[in-house]
Amino acid sequence: MHPVVPNPETLSAVTCWSCLKEIDKAAHFCAHCTKLQPPADSDYFSFFGLQRRLNIDLKSLEQEFYRLSRKLHPDVYARATEHEQQWSTQKSSLLNDAYRTLRDPIARTEYLLELEGVKLEEQSRSATDEARAQGKEKQQVVPPDLLEEVFELNMQLEEMRMSKKLGERDEQVAKDLEAAKVRFEQTLAGSNTDLQKLWQEWDQVIAGGADAADPQRIAVRDKMVALLNRRSYVRNLVRDVNEALTADV
Amino acid sequence: MAYSNKVIDHYNNPRNVGTLDKGSNDVGTGLVGAPECGDVMRLQIRVNPDTQVIEEAKFKTFGCGSAIASSSLATEWVKGKTVNEALTIKNTDIVKELSLPPVKIHCSVLAEDAIRAAIGDWKKKHAGSEAAAEPVQAKA
């Protein structure tokens, strides 16, 4: 097993419910009597004993997932106490959610941002409330020219769907969409590269021991939010264009 | 989650879908987006320069049923109102009218943003010409 970096935030000790010896708060099993421990109030990162870093070794994450799956499996606790049965069910389901989230780069980033207090919808809503109170226009979170392009492309997509319904295929529109698709796939690939750079920045800030209020930590966080915001439009577009292009006339 | 009847009605029979001349001095255009879901909404208004009443409103939305219904409703509501009256429309009014569930509240926020953006665009055009014609009429 890849050595796991202990997360200092979860290292304060508790006692094992069975043997009453002192154990690590985040431990799934007692280090002394090996008994299963109740679910700790943990996030997906600390469930795997990881720090909140974004570069994750997927190979060792997978290995740890399989190891824990076997050890936490409810079948193992079929004859254990009722509370142990319950814990194993709870932990198994948490394990699946945590693994599914952490292994996907975008889901992992979104999850981390959520842990870092980012609430996109709430922020958007309060920005609207503020705009109303001040009689001002709300600042859009994505650049206007991207919105413009997304809107135009959606119009073209709609046109293409309409002509398809009539049994026609507009070659010019199809060509335009094909070109747009290539362009947006490049944008998407570019945003993935940019995101990885931000992961690097983030991990460095965390490695430097920055706490939640650290301005640098917040700055990197907000850069990731902006990037994911732009990305969600482009991702939807690529999906819709693909749908429109692959469906046969 | 099931859509309310009002949402379904607006979705099946959207009011005021279309385009107004973006270049016209009396037209304000708002183009807004919700990054949570990737929806985009364009709302346009045509304002009577003398009365400041919104005489026409058009929208085009690419998004879910609730986003379409919210913008459709928004065009209905702004029509006949003065610009300042239209600015008092709140997203929560739209939520109430359409019985939007919590996960769709951002659609109503988007519609309010669109109204505000359209009026803002119109004011920008208008303020310029008005300031040139009657620089004294600067009311807060």
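Predicted model: local features only at pLDDT ≥ 70, side-chain atom pairs only at ≥ 80, totals over all residues.
Colleague: Which residues of helix 3 of chain A are buried, and what do they pack against?

Modeller: The general idea is that an α-helix has 3.6 residues a turn, so residues three or four places apart point the same way. In helix 3 of chain A the buried residues include Glu84(A), Trp87(A), Ser88(A), Lys91(A), Leu95(A), Ala98(A) and Leu102(A). The buried residues of this helix pack against helix 1 (44-47), helix 2 (58-72) and helix 4 (105-115) of chain A.

Colleague: At what angle do helix 6 and helix 7 of chain A pack?

Modeller: Two packed helices are described by the angle between their axes and by the distance between those axes. For helix 6 (residues 144-165) and helix 7 (residues 171-207) of chain A, the angle is about 140° and the axes are 10 Å apart, while the crossing is left-handed. Among the residues making the contact are Leu153(A) and Leu157(A) of helix 6 of chain A, together with Leu177(A) and Phe184(A) of helix 7 of chain A. The residues of this contact divide into nine nonpolar, one polar and four charged.

Colleague: What area do chain A and chain B bury between them?

Modeller: The size of an interface is often given as the accessible area lost when the parts come together. Here chain A and chain B bury about 2,200 Å² between them, 57% of it on carbon and sulfur atoms, and the contact takes 24 residues from chain A and 30 residues from chain B. On the chain A side, Arg132(A), Glu137(A) and Phe151(A) lose the most area to chain B, together 28% of what that side buries.

Colleague: Is Ala118(B) buried or exposed, and what is Ala118(B) in contact with?

Modeller: Ala118(B), in helix 5 (residues 105-133) of chain B, has a relative accessible area of 0% and is therefore buried. Leaving aside neighbours within four places in sequence, Ala118(B) is in contact with Gly28(B), Thr29(B), Gly30(B), Leu43(B) and Ile45(B).

Methods. Residues numbered from 1 in each chain as written. Chains lettered and ligands numbered in written order. Heavy atoms only, no water. Buried < 20%, exposed > 50% of the residue type's maximum accessible area, 1.4 Å probe, protein only. Helix = DSSP H or I, 4+ residues; strand = E, 2+ residues; numbered from the N terminus. Contact = heavy atoms within 4.5 Å. Axes fitted to C-alpha atoms, helices over the stretch in contact; angles between N-to-C directions. Left-handed = near helix turned anticlockwise from the far one by under 90°. Nonpolar A, V, L, I, M, F, W, Y, C, P; charged D, E, K, R; others polar. Buried area = accessible area lost by both parts, 1.4 Å probe.
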